[in-house]
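The structure comes first, then the notes by topic.

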Amino acid sequence: MDSSRFDRRAFADTDHAAASPPSPAATLLMCEPAHFGVTYAINPWMDPAGWARDDHALAAAARREWTAYRRMLERLGAAIELIPAAPGLPDLVFTANAALVLDRTALLARFRHPERQGEEAHVAAMFRALQARGIVDHVFALPEGVVLEGAGDCVWDATRQLFWMGHGPRSSLAAREAVKEIFGVDVVALELADPRFYHMDTALSALPSGEVMYVPGAFTAAGRAALHERVAPALRIELGADDAARLAANTVAIGDTLVMSACSRRLRGELRERGYRVATTSLAAFQRSGGSAFCLTLRLDRKSARGEMRRTEAA
Ligand code: ARG
């Protein structure tokens, strides 16, 4: 949609030096669960009949959980941008899937399943609005025929300056080239092998101090080998079956606090030892759709080291 990649004026305009208020710890795109529900099944967590039996109570629980989660993120210093909810698009709440954003550049998602393809136009309109407001500079679309379900399948690793990309159940391997070209960073593509962990963010999280927390069984042997090649043993946190099933890998880091729906005492202890605070807030209603904390957010303010450098030079 846009090809002038480096717009110096746009960078300079956002830098009002001393007078500006402190910037938020993170800027996150979220979507209120006004139309959330489990009305179809595109992953093994989803049981539309089970949801329908209790839909009013579950929808109310989802609204309560989402509101508590949003407040927790705000207390931790995050700023929240909202994409309007839309009837008939129950999974729009999982904004991690809307796009991939790095260095003020967005690559809009394309969905595998028709059930979610209706979100694409809605998300494109939102990003045009974010561009008009100067929150992102550039908005790109994927090449024809290539599927990539946003940050849900492309997890940024700030320590290694690369994306961990999941492919197979949802995103196509061909998306790797598009991501490399648009963002100019390395992309390590790992094939996802367990239908319960159908997006990369359900299986892997790159923590701020360099650890990679992951579900070993979610990957093929080749995928695990590729991961081991890049992550030293001391920095690997392997999730047990219990934490994997709670979607503990689906966590959002705000500073040194890791926000997640739930985790075992053992995992909490290990994360504390490594210097993190763990904040839990139940997102059980969303787990019925196969999603949790990370899925419900999309970070709009991620910078790569190169992006940070360009920004300093431009200022
Ligand atoms: N029901 C949604 C789907 O199957 C859940 C998406 C969760 N999002 C995520 N980034 N893992 O597409």
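F94 is found in the loop between β2 and β3 (99-102); helices (H or I, at least four residues) and strands (E, at least two) are DSSP runs, numbered from the N terminus. This is a predicted model, in which local features need pLDDT of at least 70 and side-chain atom pairs count only at pLDDT 80 or more, while totals for chains, interfaces and linings use all residues. Residues are numbered from 1 along each chain as its sequence is written.

- F94 is buried, with 28 other C-beta atoms within 10 Å; buried stands for 20 or more such atoms, exposed for 12 or fewer and partly exposed for the range in between, with C-beta atoms placed from the backbone.
- Not counting residues up to four places away in sequence, F94 touches G152, G291, C295 and L296, contact being C-beta atoms, placed from the backbone, within 7 Å.
- In sequence F94 and F294 are 200 residues apart, yet their C-alpha atoms are 8.4 Å apart in space.
- The ligand is surrounded by 16 residues, of which F94, G152, H199, G291 and C295 are the closest; the criterion is a C-beta atom, placed from the backbone, within 6 Å of the ligand.
- Five residues of this shell are nonpolar, eight polar and three charged, where Ala, Val, Leu, Ile, Met, Phe, Trp, Tyr, Cys and Pro count as nonpolar, Asp, Glu, Lys and Arg as charged, and the others, Gly among them, as polar.

**Nonpolar core**

- The largest nonpolar core has 86 residues, and A99, L100, C154, V155, A203, A249 and L298 touch the most other members; such a core is a set of buried Ala, Val, Leu, Ile, Met, Phe, Trp, Tyr and Cys residues joined through C-beta atoms within 7 Å.
- Beyond its neighbours within four places in sequence, L100 is in contact with L107, L148, G150, A151, C154 and V179.

**Helix α3**

- The buried residues of α3 are A62, E65, W66, Y69 and L73.
- They lie on the same side of α3, because they cover an arc of only 105° around the axis, taken from the directions from the helix axis to the C-beta atoms.
- These buried residues pack against β1 (26-30), β2 (78-82), β12 (252-254), β13 (257-260) and α10 (284-287).
- On the face turned away from the buried side, α3 carries the exposed residues H56, A57, A60, T67, R71 and R75.
- L58, in α3 (residues 55-75), is partly exposed, with 19 other C-beta atoms within 10 Å.
- Leaving aside neighbours within four places in sequence, L58 is in contact with W51 and A285.
- Just after α3, G77 takes a positive phi of about 105°.

Technical notes:
Contact = placed C-beta atoms within 7 Å.
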